[in-house]
Amino acid sequence: MTMLPPLPRAMLIDMDDTILSAYGRPEIAWNTIANEFAAELAPLPPQQVATAVLAFARNFWANADASWRLRLGEARHLTVKGGFAALAAAGHRALSDDLAVRIADRFTAYREEEMFVFPGAHDAIDKLKALGVRLALVTNGAADMQRAKVERFELTHRFDHIQIEGEHGFGKPEERAYLHAMEALGVTPKDTWMIGDNLEWEVVTPQRLGIYAIWIDVHGEGLPEGSTIRPDRIIRSLSELVPAAS
């Protein structure tokens, strides 16, 4: 049986796709929305349009400047238009910018509608806080959008410190994002765990700072093939962080 380390003095916890089901599995969301617009996309099959948009979006976000995280709606307009342009370049019918904007906005609305707290997440956070662990919510994104989620999903009172990129002017994976959160909690890296779903933001930089890094793999898909990143621990639910006796 693997011996787990004792609980730390503090935990820095990501929000999207760690506490909330937010942006995971984008292929399902894009296919759902494309099917809603099937009549306007015809004769192009919705799945082909969704695949083109997703491919453009993944390439865009792999290379995008951090400032785009604060302009998510605008970024989605751009990525749908980019997917449409790729289809047109391949010889398919041209799809209008107006349709691209409407699809992107519907995608944004759909993501908001479908968002929910992962089962057991609230309870796990409450138990960790009751056990004396200092807790910081550290999330990237625009101030208004992320703050609305914090309030909508009743997270405010559950954390000792809430740090939103758009409110503070910096975010993961900038080292000061982690250093600022630890300073707010009054702890050092050796006292701290970082938990989240992004390998770069929640594992690579935290480990470099001496923080114990836990990757949450909600869907149990495992590390990407060929990945050289090695989290200190992998979990599928925040509930796994709570000692069994508690």
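**View A. The buried residues of helix α5 pack against α1 (26–36), α2 (38–41) and α4 (72–89).** Contact means heavy atoms within 4.5 Å. Helices are DSSP runs (H or I, at least four residues), numbered from the N terminus. The model is predicted: local features need pLDDT of at least 70, side-chain atom pairs count only at pLDDT 80 or more, and totals for chains, interfaces and linings use all residues. Residues are numbered from 1 along each chain as its sequence is written, and side-chain values use heavy atoms, without hydrogens and water. In α5, Leu99, Ala100, Ile103, Ala104, Phe107, Thr108, Tyr110 and Arg111 are buried (under 20% relative accessible area, 1.4 Å probe, protein chains only). An α-helix has 3.6 residues a turn, so residues three or four places apart point the same way.

**View B. Helix α5 from end to end covers residues 97–114.** At 1.5 Å a residue, its 18 residues should span 26 Å. The expected span is 1.5 Å times one less than the number of residues. The end C-alpha atoms are 26 Å apart, which agrees.

**View C. The largest cavity has a volume of about 40 Å³.** A cavity is a set of points on a 1 Å grid where a 1.4 Å probe fits but cannot get out; lining residues have an atom within 4 Å of a point. Its volume is the space filled by probe spheres set on the points. Trp30, Ala34, Leu41, Val49, Ala50, Val53, Val80, Phe84 and Ile103 line the largest cavity. Helix α3 (46–63) gives the most, with three residues.

**View D. Thr205 lies in helix α10 (residues 199–209).** Thr205 counts as buried because its relative accessibility is 1%. Leaving aside neighbours within four places in sequence, Thr205 is in contact with Pro173, Glu175, Tyr178 and Glu200.

Note on methods. Helices (H or I, at least four residues) and strands (E, at least two) are DSSP runs, numbered from the N terminus. Buried means under 20% relative accessible area, exposed over 50%, partly exposed in between (1.4 Å probe, protein chains only). On a 1 Å grid over the protein atoms alone, a cavity is a set of points where a 1.4 Å probe fits but cannot get out, and a pocket is an open set with protein on both sides within 12 Å along at least five of seven lines; lining residues have an atom within 4 Å of a point.
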